[in-house]
Amino acid sequence: MSVMKQRIPSSFPCNEELEVDKISNLPAQIVDKILSHLSLMDAVRTSVLSSKWRHKWVTLPNLVFDNQSLLISSQDQTFIKNKIVNIVDHVLLLHSGPIHKFKLSHRDLQGVCDIDRWILFLSRGSVKEFVLEIWKGHRYKLHSSIYLCQKLIHLELFNCLLKPPLTFSGFKSLKSLDLQHITMEQDAFEHLVSSCHLLERLTLMNFEGFSDLKIHAPNLLFFDVGGVFEDINFMDTSNLAIVSIGLYVNPGFDKNLTLGSAGNLVKFFAHLPRLQRLEVQSFFLKYLADGKVPGRLPTPCDELSFLSIRINFNHFDECLAALCLLRSSPNLQELEMLARTEEQSTSRTVYNVTEENYQNCMFNQLRHVKIAGISGLKQELNFINFLLTNSPVLERMTVKPASVDGAWEMLKELLRFRRASVQAEIVYVDP
């Protein structure tokens, strides 16, 4: 029997052509999804896949120029700078459609005049997220056209000098503001924050230009600050739920903290009725302890469920301030206490916290406690004993000493303490 051979037409596509055809004919929403998960440079490289992909990347709404997307191998700083400028110029020149996000962050990027015209270009569009991180050189003076970007929802700046024009009336859509290593005048900063009426998240790190921090933001939910400030004032911040504050000591720290009989502690919490999480970092507890420290706050922090405190257990007023916070937080569920070890070793206790100071306090909701950096000082052990004997639903207390010296003796002492909760366990973690 003869086998008839069927001739395959030359026009029948081969496997490679079929694969290319599948790529070319992917639905637009699938292509957009693929491109959105690629770095900008990888998205540009997809232009070689087929003629239909050649110009897909030019409509990307999110443009991110960072170390990952700008892989430039060279030791010549001038070459790197020119290469970055050429890439950004090329992308913006060919781009079509709206730009929703623009991020420029590279370890070798310095303040260059080219950034001015890029910001000017973006201000003519509808950019919603703008991130600029200048890692080297002097503060970059932010171009004034940024204040025309009224569609901004998120603004993030690093190592910049801000001087808003007198006519600036705020970003009407801004919800998130992140300013780090920034120089700015106090009046301009206060106006910026108070005029962004939708602001919900505010991060401030290492500011220069003023020492008194005033926050007026009625819709603010999240606030994170670290730097050298002599005073902090909240005004109309009744919605704030998450606060993390770290103040670094400067030469005038102690002498400038005089506020009369009320003290910093009462003043600070007066405008935080809905606080849920609080992190007291660096020397902020020292600030709170300045002035009169009450046994309890006038208005309890009923919604506070998480509290983290850095504390000098050898500082009498700091211990009283910590006790005040604990007594004023009836629904506290998690507590972290981190000893400022170096300061404790050089400071001398003038007054000891007595048994009377530890009275009238029960933690009926406290379930998890972490204590780190301790060295077995009497004040530290008294505080731990106080927590164990007044926490009836405590499940776990984690203890991490500052060093191995004397840690075993300290652990044996802790295990002898009476516990109000039958299910409470003490977990020792090696330093």
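Guide: Happy to! One term comes up at every step: a residue is buried when its relative accessible area is under 20%, exposed when over 50%, and partly exposed in between, using a 1.4 Å probe and protein chains only. What you see is a predicted model, in which local features need pLDDT of at least 70, side-chain atom pairs count only at pLDDT 80 or more, and totals for chains, interfaces and linings use all residues. Residues are numbered from 1 along each chain as its sequence is written, and side-chain values use heavy atoms, leaving out hydrogens and water.

Our part is helix α11, which runs over residues 378-389. The name comes from DSSP runs, numbered from the N terminus: helices are H or I with at least four residues, strands E with at least two. The chain has 12 helices and 17 strands, and 45% of its 431 residues count as buried.

Let's start with the length of α11. Its 12 residues reach 16 Å from the first C-alpha to the last, close to the expected 16 Å; that expected span is 1.5 Å times one less than the number of residues.

Next, which residues of α11 are buried? They are Q379, E380, L381, F383, I384, F386, L387 and L388. Take E380, which sits in this helix: with a relative accessible area of 1%, E380 is buried.

C319 leads us to a partner, helix α9, since it is one of the α9 residues that make the contact with α11 (contact means heavy atoms within 4.5 Å). On the α9 side the contact is made by C319, A322, L323 and L326, and on the α11 side by F383, F386 and L387.

How do the two helices lie against each other? Two packed helices are described by the angle between their axes and the distance between the axes. Here the axes of α9 and α11 come within 13 Å and cross at roughly 10 degrees. Such axes are lines fitted to C-alpha atoms, for helices over the stretch in contact, with angles from 0 to 180 degrees between N-to-C directions. Angles under 35 degrees count as roughly parallel, over 145 as roughly antiparallel, 65 to 115 as roughly perpendicular and the rest as oblique, so α9 and α11 are roughly parallel to each other.

As for I215, leaving aside residues up to four places away in sequence, its contacts include F189, V193, L220, F223 and M235. Links across the sequence also show up in the chain as a whole: among contacts between residues at least 6 apart in sequence, 65% join residues at least 24 apart.
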